[in-house]
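Please examine the sequence and the structure below before reading on.

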Amino acid sequence: MAWLCVVGSAVVLLTVLVLRLFGVLRHGSEYKPGQKGSVSVLVVAGSGGHTTEIVRLMGSLSRSYNPRHYVIADTDKMSEDKIRTFEAEREKSVLPSQFTIHRIPRSREVRQSWSSSVLSSLSALMSSVPLVFRLQPDMLLCNGPGTCVPLCAAGLLLGILGLKRVLIVYVESICRVETLSLSGKILYYFSDYFFVQWAPLKDKYPIKNQNCLGNTAVLGPQHVLGQDEGQNKEVTVVLG
């Protein structure tokens, strides 16, 4: 009889969590953190090209996105230098930089087997939850590294528990022309705003709040989220 109570309680708890997740995702676009002033943003930096892209993206953001919390993998040797260089240059032209850099275990190394990736992803999740709960950002910005998945899961958990709504903005890497990355395929269903940079992807993955670079998603005061140098088109996300 006792096991029936345990199973029943587990089913009820799971149902409540699923309903809460549905509610968080359904009303995500109504959340406008910019209305209260500055927007605290957690930025997920991958290694190599991912970091280059996200730093370039951050260079287009106004000073309203402050403070900025960067998260990189603990095995990433170069991203921290790129971030510090970017913030040092930014400090010369705007107000003093308010940023922090944090490290968590990498979800999956290049050429790592899928079976071992499960354990490494769980390790990354265990580090992501306390970090996100402590920082409580208004927005989580990522562009495809595997490290972003557990961080986004932690951000969703904040909302599910009713502690803080975290807006998840996903910008697929420019190198993804016809197919999404694995991170993109996962977060396509859980992000509040999902951007791709090539028309074929927009045609293949139509969904509410998804935009091909050059279109605009209106969320609140206007801040440029990214720019395509080749076509000189902008993507704008309004957060208040």
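Tyr188 and Phe194 are both buried, where buried means under 20% relative accessible area, exposed over 50% and partly exposed in between (1.4 Å probe, protein chains only). The model is a predicted one, in which local features need pLDDT of at least 70, side-chain atom pairs count only at pLDDT 80 or more, and totals for chains, interfaces and linings use all residues. Residues are numbered from 1 along each chain as its sequence is written, and side-chain values use heavy atoms, with hydrogens and water left out.

**Aromatic residues**

- The structure contains 4 aromatic pairs; rings of Phe, Tyr and Trp (its six-membered ring) pair if their centres lie within 6.5 Å, and planes under 30 degrees apart count as stacked, over 60 as edge-to-face and the rest as tilted.
- Tyr188 and Tyr189 make an edge-to-face pair, because their ring centres are 5.0 Å apart and their planes stand at 85°.
- Tyr188 also pairs edge-to-face with Phe194, at 5.1 Å centre to centre and 90° between the planes.
- Tyr188 has 7% relative accessibility and therefore counts as buried, whereas Tyr189, at 55%, counts as exposed.
- One aromatic cluster is formed by Tyr170, Tyr188, Tyr189 and Phe194.

**Overall structure and surface**

- The protein has 7 helices and 9 strands, which are DSSP runs numbered from the N terminus (helices: H or I, at least four residues; strands: E, at least two).
- Among the 240 residues of the protein, 45% count as buried.
- The protein exposes about 12,100 Å², of which carbon and sulfur atoms supply 61%; accessible areas come from the Shrake-Rupley method with a 1.4 Å probe, and for residues only the protein chains shown count as cover.

**Largest pocket**

- The volume of the largest pocket is about 720 Å³.
- A pocket is an open set of points on a 1 Å grid over the protein atoms alone, where a 1.4 Å probe fits, with protein on both sides within 12 Å along at least five of seven lines; lining residues have an atom within 4 Å of a point.
- The lining of the largest pocket comprises 30 residues, and those closest to its centre are Arg108, Pro145, Gly146, Leu182 and Ser183.
- H4, helix H5 (148-160) and helix H6 (182-187) are the elements that each give two or more residues to this lining.
- H4 contributes the most, with 6 residues.

**Helix H4**

- Val118 lies in helix H4, which spans residues 114-135.
- Val118 counts as partly exposed because its relative accessibility is 48%.

Technical notes. Grid points are joined across faces, edges and corners, and a volume is the space filled by probe spheres set on the points.
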